[in-house]
Amino acid sequence: MSRRDTPPEELTETEASAELATLAEEITAADIAYHQNDAPEITDAEYDALRRRNTAIEALFPHLKREDSPSEASPGAAPAAGFAKSRHGTPMLSLDNAFGADEFLEFTKTIRRFLKLGDDAVLRFVGEPKIDGLSVNLTYEHGKFVRGATRGDGTIGEDITRNLETLPETYLPRTLKAPFPDQIEIRGEVFMTKADFIAFRDEQARLAEEREQRRERGEKVGPEIRIPANPRNAAAGSLRQLDPEVTAKRPLKMFAYAQGASSTPVAETHSDYLKALERWGFHVNPLSKVLPDEHAAEAFQDSIGTQRASLDYDIDGVVYKLDRLDWQTRLGFVGRTPRWAIAWKFPAEQATTVLLEIQIQVGRTGALTPRAVMQPVNVGGVMVQHATLHNEDEIARKDIRIGDTVVLQRAGDVIPQIVSVVLEKRPKDAAPWQPLTHCPACGSHAVRPEGEVVRRCTGGLICPAQTVERLKHFVSRNAMDIEGLGEENIIALHDAGIVKSPADIFRLEKRADEIRQWEGWGKASKKDSKKLSNLLAAIEGRRNPALERFIFALGIRRIGAQNAKLLARHYQTVEHWRERMIAARVIGSEAREELGSIQGIGPSIATELVEFFQEPRNLAALDDLLSEVKPEQAESFGDGTSPFAGKVVVFTGTLERSSRDEAEAIADRLGAKVTKSVSKKTDFVVVGADAGSKAKKAAELGVRTLTEAEWREMASLG
Ligand SMILES: [Zn+2]
């Protein structure tokens, strides 16, 4: 057990400083291993954990943040854990590029010179769209798929067999249709279609938001969810997942395009080889075409270029390969680059246009995201009017101003982004862009917590962009627990303008006649009308919630169920809590000190609470709500006389006279803080039968242990 098990808020300043130093070192080492050496040493999850811990410590000790803090650097792509290495039978190539007809003809002349061909010799080529995906090498033995690997450095790749096995059989046949060589390597390009990518990216963004909401509520969350920037990243990231079940859920496809090592020759020309690939059961890009001579390439390039925008996958050029394989063999390689093939790239899809406006979109969780609105412009065959600006730091870094002429690029063919500003064309009166101080959706003040890149609306209770999410949270099981108000009903009531704030829920009865006219709410049948009366009864039953539920239901950032409980116990009544929170708005005030000193709350959570109360609209919504509901007075720390009041208690092993859940609930009622792991802060460990490591650890740390009988006696349970 290392000091990593200590919760950040229990670290001393010296410990925190030392840990930030080692974290910086470890994260940098992991970044280098992944990005530079292509040899990741830790898993995605471990890497995320390091970063999260670093951020958590920095948030608690902002003054200890290091100059070389990893939180300042972008995390980059996910480090996949160490896949086994796999050596290719023949190297996987990297192609030279051509950027125009002249360069292409120069390439063909080199071939003629090398092969000593006269002008009358015909150079036949095969042109194939160059898919922007991830190249893989597939090994088949006796017609069975046995191994698949990434390109890696061209000689040795990562063994991703199990991930490749999740591709549909129609794209990656497990068995080749005979006849086939005993041993053969097939090269393919794995990709995601544009439509699949957009759906996948949106889903990832949704999951990331949900994760953020859970995190804010103090619930357990899994590793960070990455939102891929383009289809290539999405395909590469999917194939390099440690868990093949994750890969299986990703919509991946593959075109086969070449041969690697082969125990017997298959064809005399590349075009015949492509036919063999199809015969074996692979997809070959249907746009691939045999060109009668080198002069046909330009027209083919143009034709693919015009189709590019309408293809359902990304391409960045066309690959031309000499068709005759004997000539390919004679031409050979320079290093790993073949003399017989070239990638003729499309010009970068860029365009310039004028930035008209920077719009701010408010997400469901209150995140403010800037978006560029531009004069519509054609970029590579697609009309573009909007571009993402990610966050306000990016706008500042690129110094993007309204009225600027900007260079726009479609990254990975799908998402447009602003690459740079044409400074010479900047209007004289263009001023640096200023982040909004208020939410455009509701007018509440918008804040950017220290150390975070996202600015957020603080008007959680009243912001229309967040209303549905907040209401869902408000009525959820651990909050107000109102049955019969699922997402669908909330949306219906919200859209009808009947429920705009939590307080409106308690005024639903006044609109009952109106609602009863709705389809499914009483209009059609008795059963439907029951639905409304049941809902109204459920609402009435929640007019006196426990204070901790009430505080949790408000959905204040970082006030999860646990923190709400701490607040309820400390402040006892809603009136007292409200009054002290208002007083705590003044930094240095006695109320602020009091708030920060509550065990388990701490200064950063205190700040979030104060932000909430600093927004007058929230206060108005809270008071409106309090005109409808009266939260019960909270139980204090027992009556303060229990020996467990204010103590940290851990239960371990099997109890005989009650379940562990019940015992924990009792300890909780007596004012104890029940935790799961033993540390030097633990006051008591209650040891049941068959207790394991926790009892041992308690002994090591000198923490007092109690038998079940001792616990029951001290808890006056008899
Ligand atoms: Zn708002």
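1. A salt bridge is a side-chain nitrogen of Lys or Arg within 4 Å of a carboxyl oxygen of Asp or Glu. With that in mind, one pair to look at in this predicted model is Glu210 and Arg206, which form a salt bridge whose closest N and O atoms are 2.5 Å apart. Both residues belong to helix H5, and because they are 4 residues apart there, about one helical turn separates them. Glu210 is partly exposed, with a relative accessible area of 25%, and Arg206 also counts as partly exposed, at 34% relative accessibility.

2. The whole chain gives the setting for such details. It has 718 residues, of which 48% count as buried, and it contains 25 helices and 24 strands. Taken along the principal axes, the box filled by the C-alpha atoms is roughly 105 × 65 × 60 Å.

3. Which parts of the chain does the salt bridge between Glu628 and Arg543 tie together? The closest N and O atoms of this pair are 3.0 Å apart. Glu628 lies in the loop between helix H22 (616-626) and strand S21 (648-652), whereas Arg543 lies in the loop between helix H16 (526-540) and helix H17 (547-553), so the pair ties together parts that are 85 residues apart in sequence. Glu628 is buried, with a relative accessible area of 17%, and Arg543, at 19% relative accessibility, counts as buried as well; the cut-off matters for both values, because buried means under 20% relative accessible area.

4. A search of the whole structure finds 39 salt bridges. Among them is the one that Arg617 forms with Glu615, with the closest N and O atoms 3.0 Å apart. In this pair Arg617 is partly exposed, with a relative accessible area of 37%, while Glu615 counts as buried at 2% relative accessibility.

5. The zinc ion deserves a careful look. Which protein atoms are its donors? They are the SG atoms of Cys439, Cys442, Cys457 and Cys463, which lie 2.2 to 2.4 Å from the zinc ion. In sequence, the donor residues follow the spacing C-x2-C-x14-C-x5-C. The angles among the 4 donor atoms run from 98 to 115 degrees, and the site is tetrahedral. For comparison, the ideal angle at a metal with four tetrahedral donors is 109.5 degrees.

6. A disulfide is a covalent bond between the sulfur atoms of two cysteines. A search of the whole structure finds 0 disulfides.

7. Arg217 is found in the loop between helix H5 (194-216) and helix H6 (231-239). At 26% relative accessibility, Arg217 counts as partly exposed. If its neighbours within four places in sequence are left aside, Arg217 is in contact with His473, Phe552, Gly560 and Ala561. As for Leu436, it stands 219 residues from Arg217 in sequence, and the C-alpha atoms of the two are 26 Å apart in space.

8. The last point concerns a pair of strands. Strand S14 (residues 350-362) and strand S15 (residues 367-379) pair in the antiparallel sense, over 7 bridges. Val362 stands opposite Leu368 in S15. The hairpin of S14 and S15 has 4 residues between the strands, and in this hairpin Gly366 takes a positive phi near 95 degrees.

Terms used:
Residues numbered from 1 in each chain as written. Predicted model: local features only at pLDDT ≥ 70, side-chain atom pairs only at ≥ 80, totals over all residues. Heavy atoms only, no water. Disulfide = S-S within 2.5 Å. Donors = N, O, S within 2.8 Å, 3.2 Å for Na, K, Ca; no water. Tetrahedral: all angles 85-135°; square planar, octahedral: opposite > 155°, others 65-115°. Helix = DSSP H or I, 4+ residues; strand = E, 2+ residues; numbered from the N terminus. Buried < 20%, exposed > 50% of the residue type's maximum accessible area, 1.4 Å probe, protein only. Contact = heavy atoms within 4.5 Å. Pairing = 2+ DSSP bridges.
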